[in-house]
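Please read the following note with the sequence and the model side by side. Each point may be checked by eye before moving to the next.

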Amino acid sequence: MTIQYQPGSLVRARGREWVVLPEQREDVLRLRPLGGSDEDSTIIYLPLEKRQPEPATFLPPDPAKGGSQAAGLLLRDSLRLKLRAGAGPFRSFGNLAVEPRGYQLVPLLMAMKQDTIRLLIADDVGIGKTIEAALIARELLDRGEILGFAVLCPPHLCEQWQSELLTKFNIQSEVVRTGTASRLERGLPAGKSIFDVYPVTIISLDYIKSDKRRDEFQRACPEFVIVEEAHSCVNVGTGSRHKRFQLLRGLADNTDRHMVFLTATPHSGNDEAFYNMLGLLRPDFKTLKDLVGNPRDRLREQLADYFVQRRRPDIAEWKDNTVFPDRQTKEQTYSLTGDWGKLFAEVLVYARQMVEKSEGMGLLQQRMNWWAALALLRCISSSPAAASVALRTRLKAVTGETEQQQAAELDEISASIVLDGDGEDIFSMDETVPGAISELTANNQEDYNLLVELAHKADELRGASKDPKLFALVNQLKDLVKEGFYPVVFCRYIATAHYVAEHLKAVFTGKDMVVMAVTGELTSEERHEKIAETKDFDHRILVATDCLSEGINLQDLFTAVIHYDLSWNPTRHEQREGRVDRFGQRAKVVRAIMLYGDNNPIDGAVLQVILRKAERIRKELGVSVPLPSDTNKIMQAVMEAVLMRKGQTSETRQMTFDFGDVERNVDAAWESAREKATESRTIFAQRRLKPDEVLPEWQKAITALGGVDDVQRFVSVAAQRLNAPLESMKGYFRFPIQFLPVALREQLELSGIKGTVKISFQYPELSAVEHVHRTHPIVIALSDYVAEKALAEEMPELAARCGAIFTDKVSKRTTIYLLRLRSQLSMKRKAEEKIMLSEECLALTVSGTSDLVVMTEPDALVLMSSEPTRNMDVGQKSRLITEAVDALSSLQGDFNSIAETRAKMLLEDHKRVRVASDARGIRYDVRPCLPVDVVGIYVLMPVVAF
């Protein structure tokens, strides 16, 4: 007779008891030790087993091995924290290493209501779009609806995504880009690609956009795709952006593919790109561009189900805005005086002369002189180091094409070095110092000699004593460090970053202080390593180029931003500040300081025409609005106004600058952008899901699985009972791992945890402190150890399956039965069925002769935490436990009935949340695994009875 091994059933094999886990292969049995976790599971190949596994039952506790009530509570906590597929509306929450905020569940609930998930998450910088998208991926994986997924992102974000998926969602992934693809392809089966073999991939958009790779990916693309920085992939022009859009459109054409698009700037001023992105959600959304009246209103209403966009103020109703710090901003000026002011004036005059000399010459020569002059202005405003390099560097020439083509290519190359991006793809920017020697300059010995002379003058002005900008920075940093801030100084060019870092290292010294420079010269991995090195210092200053303005989150280590060089693109200013002012920042206050020359016409133009207007709109709307129209063209027009207005010198103050028609035209464009943003916010802000609709779902999960308070209580008590008590410090605890039992120490060392470690149970944690959550290796190791010892009844003084006490918490005899319920959750789609396991830890009470009562978690915690008020002799304790054990035979029917009821509740939860499952042909069914496990029995006796 063949034994049916149903998931969730108990079997005895190889001399011990196991829980059967879901497994699709025939003749293979996947088993988990009775007191272990899924990580301890093993595979049994049935044809090779000398003795086939037999059905087993869960034995009641031994009355002779009773323990304290606190030992019973420790067992209960360990069982709840071990749950991964707990009961409740979501399958994924037990696998998370982060506790999402309530507002971050909104995209998940929106996604679960859709047949094929198509969602545009356009939340403001720092709200948590990565967490929101990864939550959807984790839930679909754990529901069995997808087997894998892909993240498409700019190359500099690949490691960030890989780290987030692993550390917060326990998802292993592979980065696919030019530097890793060949390694991943080695040893692949014939006819298989990377995307066939690796279920979760993080793919560089630059790698995948080529025709060959795009076709291969579309063939083997998984069921779910996340697109990061989606706004940079929807411009239909030419070049790389067009190829990205072709890729996304091809993926979206598959109407069964789930797709989530992420961007903080859904509308970057380009209407066509915006409606292209909406068309990826649903093709008819693209027609919104041309519709009017009622048809447009109806379609916009439908779009609200696919588009979620929140600002910081939108989070206020969740009573959760404390997760964001208060951003304090200020402007700090310096003056171009002395030799530095004279040099600046000479450079400004020369730049204007260069532009004038090229008038009447050919198009290419005019463009070369224009870019050379602009490079001089940009670099002289940045630092003596950048100015010196620019004055000695020849502008890159373009040859072998028509003059028109050469001029166009020159514009494209120079714009990436001199300007700051056009608002749609601001991260493909060259950080090297641009050349200021044009062909005309190089062929004119007098001009060339002048540039060399200016370069020598710039070299002589290095250092805070001669450089007023650096002097102002040092003073600001001294104040910030004194007040306990950890600043990031953003520079435009690599040469400036090294110059600033070199001088700061001479000022800020000491063994507890570090000054680190991170630039685009380093690979993404090297940048991460450099930044991680700073966490070991009590005081830290980071000097960086805009390679860090997106892609590496700095909120764990830094709390202030100084814009040493003004960006000519306001979006980049917001991205810089968003590195520290974001979800997960522990500091209550972050600082942002904008440094500029009060008599510098370059800074004046950028401030007056661009940055201050952008900041005004951001404060008005609560969200950043990209610079309207073409950023590069606007900046060229602004700089042209600077070059052509000879009356403005370094003696002219900011308030007197006048940019005439240029400023008025840009004002009109800003106003148009503000109106569009206001309209977009009115139409698309997500207001349908309110806190009272979302938070109960999250609370159900926390109730079943255990939250932050449960984790802290369990770890604290377990550490105390294992002779390694936590030492409370200011904001964290010290955990002496070295005093734990050998088996536990060895297990933790495999995860790199040893010695005395600093831990915190709250997120975000302090820098250099481990955030201990329910899936942290410390919790996993402790809960496995406690449960295994308790279920084997080896150490009742640590964690006990039974006990009896006198307490004033009850007025009559009350028996607590601690149950572990297991249910089979089956998902059927077409001809395919997947069996999953759901588990729940439940406490029931019998008081006197009354019926069983299922306790709420708060009530269970109160009773399980009862303190004994008088001693009970061993004989009485054993007798009371024996009576409670003997009552099990009459209670088993009630236990089974409760298990049936809980299984129905679980089914309703799954159907309620995933309302689109029927539309996809998905059918859920839940069946309890009987009999129920009685894990613990605890008798509470009233004091007045004796």
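1. Basis of the note. This is a predicted model, in which local features need pLDDT of at least 70 and side-chain atom pairs count only at pLDDT 80 or more, while totals for chains, interfaces and linings use all residues. Residues are numbered from 1 along each chain as its sequence is written, and side-chain values use heavy atoms, with hydrogens and water left out.

2. Confidence. The pLDDT is the predictor's confidence in each residue, from 0 to 100. Its average over the protein is 85, and 90% of the residues score at least 70. Contact here means heavy atoms within 4.5 Å.

3. Nonpolar cores. A nonpolar core is a set of buried Ala, Val, Leu, Ile, Met, Phe, Trp, Tyr and Cys residues joined through side-chain atoms within 4.5 Å. Buried means under 20% relative accessible area, exposed over 50%, and partly exposed in between (1.4 Å probe, protein chains only). The largest core has 87 residues, and Leu473, Leu504 and Met639 have the most contacts inside it. Helix 13 (residues 363–382) supplies the largest share of this core, 12 residues. A second, separate core of 55 residues includes Leu74, Val772, Met855 and Leu863. Not counting residues up to four places away in sequence, methionine 639 touches Trp370, Leu374, Trp568, Ile602, Ala605 and Val606.

4. Helix 5. Helices (H or I, at least four residues) and strands (E, at least two) are DSSP runs, numbered from the N terminus. Within helix 5 (residues 178–185), the residues Thr180, Ala181 and Leu184 are buried. They cover an arc of only 110° around the axis, and therefore lie on the same side of helix 5; the arc is that of the directions from the helix axis to the C-beta atoms. The buried residues pack against strand 8 (174–176), helix 6 (194–197) and helix 7 (205–208). Thr178 and Gly179 are exposed, on the face turned away from the buried side. After helix 5 comes glycine 187, whose phi is positive, near 80°.

5. Four strands form an open sheet in the order 19-20-21-22, with mixed pairing. Strand 19 (727–728) and strand 22 (770–771) stand at the edges with a single partner strand each, so one side of each is left without a neighbour in the sheet. Two strands pair if DSSP finds at least two bridges between them. Strands 19 and 20 (residues 733–736) run antiparallel and are joined by two bridges; glutamate 727 stands opposite arginine 734 in strand 20.

6. Two loop residues. Histidine 776 lies in the loop between strand 22 and helix 28 (777–791) and is buried, with a relative accessible area of 4%. Glycine 94 lies in the loop between helix 1 (69–82) and helix 2 (106–112), and is buried at 1%. How far apart in space are glycine 94 and leucine 705, C-alpha to C-alpha? The distance is 6.6 Å, although they are 611 residues apart in sequence.

7. Cysteines. A disulfide is a pair of cysteine sulfur atoms within 2.5 Å, and by this rule the count is zero. For cysteine 233, the nearest cysteine sulfur, that of cysteine 153, is 9.8 Å away. Cysteine 233 is buried, with a relative accessible area of 0%.
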